[in-house]
Amino acid sequence: MHLLLIPLLRILSDGKFHAGSELAQNLGVSRATVSNALKTADTLSVSVFKVRGRGYQLPHPPEWLDAEAVRQQLGLLAQDVRLEVVDAIGSTNSTLLRESTTHCHCLAAEYQYAGRGRRGRHWFATLGGSLSFSMRWRFNQGMGALAGLSLAVGVSVLRTLHQFDLTEIQLKWPNDLLWREKKLAGILIEAQGDANDSSIAVIGIGINLHIPNETRERIDQPMTDLQEIAGHTLPRNILLGTLIQQLVLALQEFEAHGLIHLSQEWNAAHAYSGRSLCVTLANGNTLNGSAEGINHQGELLLKQANGEIITVHSGEVQLARPGQNFSGDRHAAGA
Ligand code: BTN
C-alpha cells in the first residue's frame, strides 16, 4: 500500500470527482505520484473510479474513524482515556507494546498492514470494514492475577454488541466471539510484568464490520461480520466509543473482583456449553470432554466420560467430530 493512499481516499470521500492535478496540488506531490498511489487501492479491496477528463472518484466511501466522535461517545470517561486514531500502522498491539508507557492508552487504526492474531496467525482486516484497536492497561496485580483477563474482555465486547441490539452472539473459550458458529471478533492479549507485583497488558480487539468476499476467501475458518448479523451497516465511531467504554468498565471490574461476577455472564453466552470438545494444548497434546463452562480463574471445565471434571488453563478449542469417543480420552498433561 502506498503511504499517500489513505490521505487521497479521505479527500475522495466526498463522493465527487477530483482531477489528478488538484489531488497532486493538495498533497504537494506530482500527478504521477497520485496515480501510483491510487493504483494500490486494490490492496485494500477499495475501488476507485477513474474517468478521463473528470478525474478520480470513490464510489463507496467508508465511515472514517474520527477521534472526536469517539471521544464524544466516551462521555466522562474521555478524560481518563488517551485515545489515538491513526491511518495505517503495522499492528496496534505491537506499537503499544513497543512505544507506550501510558495507562489506559487506546490506539485505533484505520488499517493494519501486519495485524496479528493469536498463535502467530495473521489478522485480516479491510479499510473501513473492520475495527482494529488496542488498549494498554497497567494492573496493580502481578501477571498471576491476569489469568482470565481475555474472558473479561470478551464480556465487554458482548455487552457492547447487546447495546446495538445484536443477539445470538456467543463466546468461544478462551477469547473469540462467534455468531452461529462463525467468527465475528478476536482478542489478542500480550502481558508483561512479574508474577506478583504489577503488570502491563496490551489488549487488542479486532471486529469484522463488513468484510468483502476477496478477503473472506483468504480466511481459513468460517467467519461473519456485523453487516451480515444486523442486516445494515453499524456506525463505526459510535461502536468504537462504546467498545472502549465497556472495555474500561470491564477492566475495572476485573481488577476489583476478578471473574467472580463476569464468569456468570460469560457462561450464559458460552458457544459450546454442554458440547463435546477437543482441546489442543500448547505442547500439541489433546484433551477431550464435554464443555461445562468456565471457573473464576477463567479455566475451561471439561467433563470426562467418567464424570470427572478437569480444568484447562490454555489451549485451542474445537467441536469434536461426530462419533468421536471420549471414554477417558486424556492425552495430555496441563489439566
Ligand atoms: C485472534 O482472534 O487471533 C486475535 C485477533 C486480534 C486482532 C487485533 S486487531 C487490533 C490488535 N492489533 C493486532 O495486531 N491484533 C489485535
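The lining of the largest pocket draws at least two residues from each of α5, β5, β7 (176-179), β8, β9 and β14 (316-319), where helices (H or I, at least four residues) and strands (E, at least two) are DSSP runs numbered from the N terminus. By pocket I mean, on a 1 Å grid over the protein atoms alone, an open set of points with protein on both sides within 12 Å along at least five of seven lines, a 1.4 Å probe fitting at each point, and lining residues have an atom within 4 Å of a point. Please keep in mind that this is a predicted model, in which local features need pLDDT of at least 70 and side-chain atom pairs count only at pLDDT 80 or more, while totals for chains, interfaces and linings use all residues. Residues are numbered from 1 along each chain as its sequence is written, and side-chain values use heavy atoms, with hydrogens and water left out.

This pocket holds about 830 Å³ of space, a volume being the space filled by probe spheres set on the grid points, which are joined across faces, edges and corners. It is lined by 41 residues, of which R121, W123, D176, K183 and Q221 are the closest to its centre. By class the lining has 15 nonpolar, 16 polar and 10 charged residues, with Ala, Val, Leu, Ile, Met, Phe, Trp, Tyr, Cys and Pro counted as nonpolar, Asp, Glu, Lys and Arg as charged, and the others, Gly among them, as polar.

What takes up the space of the largest pocket? The ligand does, by the criterion that more than half of its atoms lie within 2 Å of the pocket's grid points. Around the ligand are 20 residues, and S91, Q112, R116, R118 and K183 come nearest; a residue counts as near if one of its heavy atoms lies within 4 Å. This shell divides into five nonpolar, 11 polar and four charged residues, and β8 gives its largest share, four residues.

As for polar contacts, that is, pairs of N or O atoms within 3.5 Å, a polar side-chain atom of Q112 lies 2.9 Å from a nitrogen atom of the ligand, and one of T92 lies 3.1 Å from a ligand nitrogen. For R116 a backbone N or O atom lies 2.7 Å from a nitrogen atom of the ligand. The protein covers 99% of the 410 Å² of accessible area that the ligand has on its own, as computed by the Shrake-Rupley method with a 1.4 Å probe.

Finally, some backbone details. Most peptide bonds are trans, yet a cis bond, with omega about 0°, joins W173 and P174, and P174 lies in the loop between β6 (169-172) and β7.

Conventions: A polar contact is a pair of N or O atoms within 3.5 Å; within protein, one must be able to donate a hydrogen and the other to accept it, and residues adjacent in sequence count only if both atoms are side-chain atoms.
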